[in-house]
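Subject: Handover of a structure and notes on its contents

Dear colleague,

Please find below the structure I am handing over to you. My notes on it follow, arranged by topic.

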Number of protein chains: 2
Amino acid sequence: MNAREFRRRGKEMVDYVADYLEGIEGRQVYPDVEPGYLRPLLPTAAPQEPETFEDIIKDVEKIIMPGVTHWHSPYFFAYFPTASSYPALLADMLCGAIGCIGFSWGSASEATLVALLAARTKVTRCLQAASPGLTQAAIVEKLVAYASDQAHSSVERAGLIGGVKLKAIPSDGKFAMRASALQEALERDKAEGLIPFFVVATLGTTSCCSFDNLLEVGPICHEEDVWLHVDAAYAGSAFICPEFRHLLNGVEQYADSFNFNPHKWLLVNFDCSAMWVKKRTDLTGAFKLDPVYLKHSHQDSGLITDYRHWQLPLGRRFRSLKMWFVFRMYGVKGLQAYIRKHVQLSHEFEALVHQDPRFEICAEVTLGLVCFRLKGSNKLNEALLERINSAKKIHLVPCHLRDQFVLRFAICSRTVESAHVQLAWEHIRGLATDLLGAQKEEKADRKLK
Amino acid sequence: MNAREFRRRGKEMVDYVADYLEGIEGRQVYPDVEPGYLRPLLPTAAPQEPETFEDIIKDVEKIIMPGVTHWHSPYFFAYFPTASSYPALLADMLCGAIGCIGFSWGSASEATLVALLAARTKVTRCLQAASPGLTQAAIVEKLVAYASDQAHSSVERAGLIGGVKLKAIPSDGKFAMRASALQEALERDKAEGLIPFFVVATLGTTSCCSFDNLLEVGPICHEEDVWLHVDAAYAGSAFICPEFRHLLNGVEQYADSFNFNPHKWLLVNFDCSAMWVKKRTDLTGAFKLDPVYLKHSHQDSGLITDYRHWQLPLGRRFRSLKMWFVFRMYGVKGLQAYIRKHVQLSHEFEALVHQDPRFEICAEVTLGLVCFRLKGSNKLNEALLERINSAKKIHLVPCHLRDQFVLRFAICSRTVESAHVQLAWEHIRGLATDLLGAQKEEKADRKLK
């Protein structure tokens, strides 16, 4: 394909993309296919001769699209939002064309791991400086990291990769990590000769969007000389609105590192995670290696920041471009309006749930997530979710809060409106009525037998 | 921006991308700006009100492009190629529009790290099964990984992150890792009570594109029950041509894991790394964690592969799409022709260097990389590279081979032709003549004094 054909096909693709996004509501949000459907539809080897663009784009509709979960459908309420916007798509086209390899952004999982590894190096060097006889292994064996029992699974994974113990701190009634529980765990572990070195505080947990108390946890970490990493993967975007900033109080004094994902809720397509670190040498000290083929004349001038020392991979895409497009084309006001609209829609859904006495809200609604369930057993709620996701009109995922099976209704799509939320709720209510009716009949049947 | 405006702007962007790539040869390959140039040109905060697309695209030319190193210029011969092609760009547009978050592909660095961590878990579990009293720390303290002294810096980094020793195996006269040197290191370490557990063999090293001898290294790893990871980040793409397949001999019998980067040399834009592993449970066993919000009904059916257990981040982009576009629109023949053309161009450059007795070739030319230098001191060659990169007509990076400072001429651009290589060589020769002349004059001057 030469530039002339690219001009033609590129414009067709622009129309295809616009058609897809304009018509997404008409597509079933969750696919009908079964795992493995694609294998017999694809040849086992690349074609020997080039094929035409027409053939390929036909196959996109015929064989790819039937397998797609439409994350940007206004009927997608699962997980958390993944960002999408026209400016970001435009920027990504340019990003692809420039195609330069930046040599620190990764995902939130990577941010947590990088922070943990930096903290591990820092505490190991510090203890070895005090007692030069200590081996690294002897220290690492005693290190303990902490996170709330509500923290994301990637925190446990970072502990596993870093080869250190990770302990879960029991959260309070609002699913938040508080001072007393953390202090208790630290005291117990220190008494056993262990070395606390790392705490992850989550702002906006995945399960129910709860917030660890930074103003309580922060001073303890400061006092104990423990690295505090703040994971605000989802909620971080909301802090562009002054009314949510209080949830971030304490971050300047106490956080050693902070991460949020603009690719979740700030209209910048995946992937785009932003990480800050209080003292950059803590990070670069843990990872810096300088082979000749990567040396450059500005290396030691302090004028430039070599992000390759901040992350696990060497290369990175030119992702800031799409962030820049989005910031400029929405403006702070446009971005704030977007966040506020989502929060308002989640409160609208919350109010609907409250109006139906068969249901209950399971956690405080602060941002764009509503955790709810039918009053009754876990089995009942599993059955409801099964019905919701089998009908494929909307898509939700569950979570466990303590021993309760809970449904998560997350406001996700860029184009979701009140009408979609209302329709989703009517749909859920209808399925609940069917389910409860069926159960009643079953009980009656059993009595008759 | 609504869909209507996106249709208009998207088509303008397609033209901008085509204009950029068609005109890239006319742009200076390496920028004139100094680090920090961008900061005063950008506002310190996002705009309150949305801006227009016209303003932004004007700024792209005015403030972004002057800072860009044009990796796709036919005058770019630095590092290794980074892929670009029109089909991949088209696919990326669609990929952005679909914007689904796949839950294993990362970069080669990540592949090495993931393999090392899997090997670490495997050996630890195995030793603990034999001696239940052993702690993980006691084992990890004794683990040793090995790679040639020519391996990429990311291997050292993986060792650092994994908390294990990494030892460099001296390469032979052709910069390859051979049996004798590896065996010697293993014997010495085992005699000291250490535990060899992981070897990285590189096919196509970054410095000079040398090839570790898989048929020698493989049987040793097999014999010693040591995990063999093969890093073919650059050279892997060439194995689609039968004439290069012999370099891969032994991979089926001996490799536990294998990685190459289609985003280097297979026309698929960054990022796209492909990793294979012989026994998937070795990988998933090291990382698997299953929180409720990520559970799904097909989890235990064996029908689908959950790539999140294969990698560090949770999410991934729909990157296979662009690979699929590229495979189909080039066909195997088109891709082979592309690889062969690059290899032929590097041999053309090699022949030019041979014709000038002032220069020497420093390593065997197998694929698309030529390592060369002026006969003489490192200082002389550093001065030559300085002149080349200051002139900014072409862009090269150096490497060290043993104690020699060497210039790397890598065939990179999708659009590089014989004419560009000839012109580049004339340019280098001219600069060498100037440099040698200036030195002669200096010497004469010193004699007169």
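Strand β4 (residues 227-231) of chain B is mostly covered, as 5 of its 5 residues are buried. Please bear in mind throughout that this is a predicted model.

The central strand of these notes

In β4(B), the side chains are divided between two directions: B:Trp227, B:His229 and B:Asp231 point one way, while B:Leu228 and B:Val230 point the other way. Residues in both sets are buried.

On one side, β4(B) is paired with strand β3 (residues 195-202) of chain B, in the parallel sense and over 5 bridges. Within that pairing, B:Leu228 in β4(B) has B:Val199 opposite.

Strands of a sheet pair through backbone hydrogen bonds, in either a parallel or an antiparallel manner. In chain B, 6 strands make up an open sheet with the order β2-β1-β3-β4-β5-β6, and its pairing is mixed. The edges are formed by β2 (165-169) and β6 (274-277) of chain B, each of which pairs on one side only. On average, neighbouring strands of this sheet are turned by 20 degrees against each other, direction ignored.

An antiparallel contribution comes from β5(B) and β6(B), which pair over 4 bridges.

Two helices of chain B

How do helix α13 (residues 378-391) and helix α14 (residues 418-448) of chain B cross? Their axes come within 10 Å and cross at roughly 130 degrees. That angle makes α13(B) oblique to α14(B). The crossing of the two helices, α13(B) and α14(B), is right-handed.

Aromatic rings

A pair of aromatic rings is described by the distance of the centres and the angle of the planes. Over all chains, the count comes to 21 aromatic pairs. One of them joins A:Phe77 and A:Phe409, with 4.3 Å centre to centre and 20 degrees between the planes, and this pair is stacked. Both A:Phe77 and A:Phe409 are buried.

A:Phe409 also pairs with A:Phe349: the ring centres are 3.6 Å apart and the planes lie at 0 degrees, so this pair is stacked. The pair links distant parts of the chain, with A:Phe349 in helix α12 (residues 320-355) of chain A and A:Phe409 in strand β10 (residues 404-410) of chain A, 60 residues apart. A:Phe349 counts as buried because its relative accessibility is 0%, and A:Phe409 counts as buried because its relative accessibility is 0%. A:Phe77, A:Phe349 and A:Phe409 belong to one aromatic cluster, together with A:Phe359, A:Phe372 and A:Trp425.

An enclosed helix in chain A

Helix α6 (residues 153-162) of chain A is largely enclosed by the rest of the structure, because 8 of its 10 residues are buried. Among the buried residues of α6(A) are A:Ser153, A:Val155, A:Arg157 and A:Ile161. Just after α6(A), A:Gly163 adopts a positive phi of about 70 degrees.

Yours sincerely

Methods:
Residues numbered from 1 in each chain as written. Chains lettered and ligands numbered in written order. Predicted model: local features only at pLDDT ≥ 70, side-chain atom pairs only at ≥ 80, totals over all residues. Heavy atoms only, no water. Phe/Tyr/Trp six-rings, centres within 6.5 Å; stacked < 30°, edge-to-face > 60°. Buried < 20%, exposed > 50% of the residue type's maximum accessible area, 1.4 Å probe, protein only. Pairing = 2+ DSSP bridges. Axes fitted to C-alpha atoms, helices over the stretch in contact; angles between N-to-C directions. Parallel < 35°, antiparallel > 145°, perpendicular 65-115°, else oblique. Left-handed = near helix turned anticlockwise from the far one by under 90°.
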